[in-house]
Amino acid sequence: MLNSHTDVVPVFPEYWTHAPFSADVDSAGRIYARGAQDTKALGMIHLAAIRALKNSGFQPKRTIHVTFTPDEELGGFYGMAGFATSSAFKAMNVGYALDEGGVAESNTIGVYYDERCPWQIEFVCNGTTGHASLLLENTAGEKISYLMNKFMAMRQAEVNKQKSGVNPGKVTSINLTMLKGGVQANVIPADLSAVFDVRLSVDVDHAAFERDINRWCSEAGGGIKINYLIKTPKAIASRTDSTNPLWSVIETTAKQYNIAVAPGILVGATDMRFLRKEGISGFGFSPIINTPLLVHGHNEFVYANEYLNAINFFTAIVSNLGKI
């Protein structure tokens with residue numbers, strides 16, 4: 001199964017040198033377009049590889065599916081999350097899957113066998129309300145402050161790990177992304193809310209982290225509603241050794257094209273996590289090399305020549321996969 005997604009993130013046209021949805025090509029052969037790297041080029045590479053193989057008369061031993069999903073940039077809940085558990089998907093009998101990864105800035109491609117687990121958590125703190133001149137107890141402000149201190153202390157510990165050179169996939173990212181509440185400056189609010197975006201490292205005990213969250217809410221004084229906006233479970237990592245035919249094909253084919261592959265843990269989140277949850281072995285990677293990484297950035301582009309080279313490389317990968 002060759003998967004990519006069709007949705008892209010928003011643009012700020014004033015910061016682009018070319019219209020972001022025009023696919024303009026400049027004199028250096030750069031194709032400018034939002035989604036060029038994430039993941040329109042990859043989806044087109046999939047189709048170009050299939051077309052080349054069909055035109056050559058190639059007959060694979062196994063069925064090759066090409067899928068395009070919506071909603072990946074917003075979490076995949078209206079796309080791959082539901083599709084991966086559907087009867088239609090099960091009928092496809094998928095054995096292996098390939099999905100996205102970032103373009104490579106050299107000739108070494110990152111091949112991602114696992115990824116961190118996104119949790120987005122909203123805390124709605126309810127507390128005593130009244131005139132702001134009073135020092136009332138059990139206020140929403142005290143509760144949300146306690147939670148913020150706990151999360152920020154954990155965040156600093158992860159920052160320290162990152163600075164020490166720990167593999168990024170084994171560092172948990174924690175960011176306060178939303179704060180809401182209050183009616184006016186002299187009124188103690190009855191409710192305050194905060195949202196944290198957390199990407200749990202692959203070695204975090206999810207149950208233990210959730211117990212910490214529940215304990216912090218209790219220590220803060222209770223009266224806190226916890227809403228899990230996203231709560232991605234752990235999935236089995238894909239093997240990167242000779243016991244996994246998918247890995248062997250990628251590694252051996254890359255050598256034929258003088259491309260190095262480096263197994264890694266993706267710090268973001270892709271549709272691949274939903275497939276791994278269903279027990280499907282898969283990797284995320286882009287066959288495009290020698291290209292600056294501009295995923296979600298202004299002036300996102302791919303080089304036309306590297307895009308065409310990637311088609312040839314990926315055609316060989318699909319051909320070799322179809323023979324096993």
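## Basis

Helices (H or I, at least four residues) and strands (E, at least two) are DSSP runs, numbered from the N terminus. This is a predicted model, in which local features need pLDDT of at least 70 and side-chain atom pairs count only at pLDDT 80 or more, while totals for chains, interfaces and linings use all residues. Residues are numbered from 1 along each chain as its sequence is written, and side-chain values use heavy atoms, with hydrogens and water left out.

## Sheet and helices

An open, antiparallel sheet is built from four strands in the order β9-β11-β7-β12; two strands count as paired if DSSP finds at least two bridges between them. Ten bridges join β7 (residues 117-126) to β11 (residues 191-200), and Val-124 stands opposite Ser-193 in β11.

Helix α4 (residues 140-163) lies across β7, β9, β11 and β12, where contact means heavy atoms within 4.5 Å. Helix α5 (residues 206-219) lies across β7, β11 and β12.

## Pockets

A pocket is an open set of points on a 1 Å grid over the protein atoms alone, where a 1.4 Å probe fits, with protein on both sides within 12 Å along at least five of seven lines; lining residues have an atom within 4 Å of a point. The largest pocket is lined by 31 residues, and those closest to its centre are Glu-73, Arg-199, Gly-268, Ala-269 and His-296. α1 (36-55), β7 and β13 (260-266) each supply at least two lining residues.

The second largest pocket has 17 lining residues, with Met-1, Arg-62, Thr-63, Ile-64 and Tyr-96 nearest its centre. β5 gives the largest share of this lining, three residues.

Key: Axes fitted to C-alpha atoms, helices over the stretch in contact; angles between N-to-C directions.
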